[in-house]
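Please read the following report alongside the sequence and the coordinates.

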Amino acid sequence: MDDAPILEAVDLAKAFAAGGRHTQALDGVSFTIRPGAVTGLIGPDGAGKTTLMRLAAGLLVPDAGRIRALGLDSTRESLAVQAALGYMPQRFGLYEDLSVQENLDLYADLQSVPKTARAERYGELMHMTGLGPFTRRLAGRLSGGMKQKLGLACTLVRAPRLLLLDEPTVGVDPVSRRELWAIVDRLVRDEGMSVLLSTAYLDEAERCQAVILLDQGRILDQGPPATISARMGGRTWAVSVTGKRPRDLQAGLSGQPGVVDALVQGDHVRLVTQAGSDPAQLARLPALQDARIDAVPPRFEDGFIDLLRARSSAAAPVHGTSLVDGRAQRAGEGDAPVIQVEGLRRRFGKFWAVDGVSFAVRRGEIFGLLGANGAGKSTTFRMLCGLLPASAGTLQVAGLDLRHAASTARGRIGYMSQKFSLYGNLSVAQNLDFFASAYGLAGQTREQRRDWALAEFELAPYAGQLSADLSLGYKQRLAMACALMHQPEILFLDEPTSGVDPLARREFWQRINALARAGVTVLVTTHFMEEAEYCDRLAIMAAGRILAMDEPAAIKAGARSPKHPEPSMEDAFIRLVEAADAAQEAA
Amino acid sequence: MSAPEKQPLRGGGLMRLRGLVRKEFLQIVRDPSSIAIAFVMPIFLLVLFGYGVSLDADHVPVALVAEAPSADTADFFASLESSHYFAPLHARTLAAAEQALREGQVHAIVRLRADFAEQLRWPDGAPIQVIVNGVDANTARLTQGYVEGAWGNWLARHAESQGQTLATPVELQQRVWFNSELRSRDYLVPGLVAIIMTLIGTLLTALVMAREWERGTLEALLVTPASMSEVLLGKIIAYFVLGTGGMLLTVGLAVGLFDVPLRGSFWLLWACASLFLLAALGMGLAISAVARNQFVAGQVAIIGTFLPAFLLSGFIFDIDSMPAVVQGITHVIVARYFVSIVQTLFLAGDVWSVVLPNALALLLMAAIFLGVTWRKSRKRLE
């Protein structure tokens, strides 16, 4: 009984049709999950993770195949399945106008937890989640990380045997993310619970006992994460050339024969080579003259990229030489900062979303703002773009004071917002034309820019297609093209890569690098720790303040300790947040 | 922590239902827009219809033209001035009066010709001329009627003062039943009960259900052992209570503040209102089973139920004077049956021959809408 699969899918298929569009969310998916472990469901947005979760919980009916949870048929015995498993949907399923206690009471009533058993269970849950002091607070007033933990507590009011967590860590700060993982590990270890957890963060895969890799509705691979990364043994390297910027080195390596992946990582480039390629051959690549090449242990992500690359042979490298013309390269302005921010503050009601932020960005620099949802990144951005007036402080963008010349400054800025702001019912070409004309381009110039965008972003085959019908990766390309129509000298990118698959993200960063090489100044916000490594400098934000600002390698070095001799960006982030909290308590 | 044990899969329905109902009430109390729709809107509508909107003509501005002023003309004009129906304005010439009519300063002209006093002595009597601005047909007809009435009264009094009786072949004895003062407020305010309950029962319910879809909370509810019928029942109970509150508030204000008589039985009104409320809740839930975002749900609820309840229920416009096709359409408007019940119960009393068939229609409609909702809302996300 103990080794019987806790969740089992056979040839599962599910398609959705909306507005004449047909999406095959899942296509012949089969897997078996053993009890007593954390299984990761890994894949980019649109891979079919949520559909799979909903099928397991009996909320959807499959088109073909079957799925059984806890020995029950999820589709036909859905009420019984739902009584036995716990499921936390992506938005946690909390009632924001109910307090923490009221949310717990509601779910305890719905799960028929006896009144006598409640006090003890609540106590355990509050202890586990650290929500004890906040039971009277409305759920809507909790931070993202606390909401996530309350959502989890609500699904756990009656300990389920199988727990389904749908992207529980999206947009949550690294500290909360780490705490959530500690809770999940404890549930599996102490309560013998089985957990299926979906995520788009590849580094989380390594914490699972088994993973299912999902892409476009199909399973790419499944098994323990170690076996997937083990396949990459002897194929991963750290390379650096003295006196050459890692970004330039990366540009010289991507797309070269034998190279699967080249990624900027602080002061070196992480290189993944094709199976069977000879390390000696590597040294002969022109980009690697006089390079220092060290073998490094493989990561799960390397294996995933390798699988994705093998499937889609397209992925032509982006050279980006034609991305910008002379305009942005205007030389002679030296190292004067292009963006200068001093004591920037912004208040919403009683709440300071941005509380005294200062920084300066030089021409051609890639500057990152790293922080969890609610840290104040987007608010800072909107003020920089002149979309939101500042409550206090000064802002200079391209030498113009945004308080007085917002619209002139805006003409020199390209802005790509989180949700891409495309017109879904306009075609790709119409979107490009619209954004070009919004920036005052007309006639031949507009046509030239449109042709340039279609060619440069490889959008020509889709020119007539509605932008709503594009895949997420292509939407992202189009949004970036729209922001570049007027050849801005400064580019603002607000969470440009959330949700897209790792290949699209790499391609996107290649374009950004090319732009920066051509002299465009790039400001980017992200909550992906690894993306911070691609920036020249970055500011780590939490609760409206900048905790640290430096080059990625220096920020990581600052977190070095006997316990963490080689801290990751996430380690550094958590250290900074904890130090800031401690300082606040001491004050 | 206790190890997860095998659990009884169902049972505890009462506990679940109580939890759901309590959740609905907490949400109502905490959400200012629910409070606004349930309590502020009724008061606003009551004040608007109780004080603002009136179908009666009152203090109608009229221009009076006497081409040869005399004691008789002055006496007749004085009788118009003393009436609250008119706000007279003396004009020297017909041309001046016509100018005033064109400019919209007056709605009618009463003209007494130069030979008025002369003609009055003859048995045929004297003719008067009334010119009415016909743009607003309703006011025009009312004004015309009022002037004719005032003229008849004055003639009779005049004849009496001369020691004669006016020779009229048939004398009309008028009696107005049910609303003897002919106050349109007494007729409009009861109908408001139907409008307000449509707002609470349909609009509010459709909105809150759509909000659960939008915010993803329904997904979490659906994966608990609670069945879809329990979720729906929780909403029905909470909004039934809220709707009853709205009904009591409206009836209380109608009787207490606006002096509208309630001639029928309160308990009968209560029972019929409950039937109507069930139908309205059924409509709201049926809408939200189809429209899963608040904007669409709100639009459908307003266009599909609130506006018809306003225009086609007989609340303001008499159904019998509508074209046959429109009359046919009114039969699918739930509010129509309830409006005719409330108007009867308020103004006429317990007229069973009106109340019973309409109540049966309400029962049928409630069963249909709740049935549709039941069938439509499976415990699935598609």
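The sections below go through these topics in turn.

## Model and confidence

This is a predicted model, and the predictor assigns the complex an ipTM of 0.75 together with a pTM of 0.79. For chain B the average pLDDT is 83, and 89% of the residues score at least 70. Residues 1-9 of chain B have a pLDDT below 50, although this stretch has 19 contacts in the model beyond near neighbours in sequence. Where pLDDT is low, the predicted coordinates should not be read in detail.

## Overall make-up of chain B

Chain B contains 14 helices and four strands, and of its 382 residues 36% are buried. When contacts in chain B between residues at least 6 apart in sequence are considered, 81% of them join residues at least 24 apart.

## Nonpolar cores

The largest nonpolar core comprises 246 residues, and the residues with the most contacts inside it are A:Phe492, B:Ala194, B:Phe276, B:Ala279, B:Val334 and B:Phe338. Helix 7 of chain B, spanning residues 184-215, gives the most to this core, with 17 residues. Another core, of 21 residues, lies apart from it and includes B:Val60, B:Val62, B:Ala66 and B:Val132.

Leaving aside residues up to four places away in sequence, B:Val334 touches B:Phe276, B:Ala279, B:Ala280, B:Met283, B:Leu362 and B:Met365. Two of these partners, B:Phe276 and B:Ala279, are themselves among the residues with the most contacts inside the largest core.

## Helix 16 of chain A

Helix 16 of chain A runs over residues 472-484, and its 13 residues reach 19 Å from the first C-alpha to the last, close to the 18 Å expected at 1.5 Å a residue. The helix is mostly covered, with 11 of its 13 residues buried; among them are A:Lys475, A:Gln476 and A:Arg477, as well as A:Leu478, A:Met480 and A:Leu484.

The buried residues of helix 16 pack against several elements of chain A, namely strand 20 (413-416), helix 14 (428-438), helix 15 (443-456), strand 21 (490-494) and helix 17 (502-517).

## Contact between the chains

The contact draws 36 residues from chain A and 33 residues from chain B. On the side of chain A that touches chain B, the elements that give two or more residues are helix 2 (78-84), helix 3 (100-110) and helix 6 (174-191) of chain A. Sorted by class, this side of chain A has 18 nonpolar, seven polar and 11 charged residues.

Conventions: Residues are numbered from 1 along each chain as its sequence is written. Chains are lettered from A and ligands numbered from 1 in the order in which they are written. This is a predicted model: local features need pLDDT of at least 70, side-chain atom pairs count only at pLDDT 80 or more; totals for chains, interfaces and linings use all residues. A nonpolar core is a set of buried Ala, Val, Leu, Ile, Met, Phe, Trp, Tyr and Cys residues joined through C-beta atoms within 7 Å. A residue is buried if 20 or more other C-beta atoms lie within 10 Å of its own, exposed if 12 or fewer, and partly exposed in between; C-beta atoms are placed from the backbone. Two residues are in contact if their C-beta atoms, placed from the backbone, lie within 7 Å. Ala, Val, Leu, Ile, Met, Phe, Trp, Tyr, Cys and Pro count as nonpolar, Asp, Glu, Lys and Arg as charged, and the others, Gly among them, as polar. The expected span of a helix is 1.5 Å times one less than its number of residues. pLDDT is the predictor's confidence in each residue, from 0 to 100.
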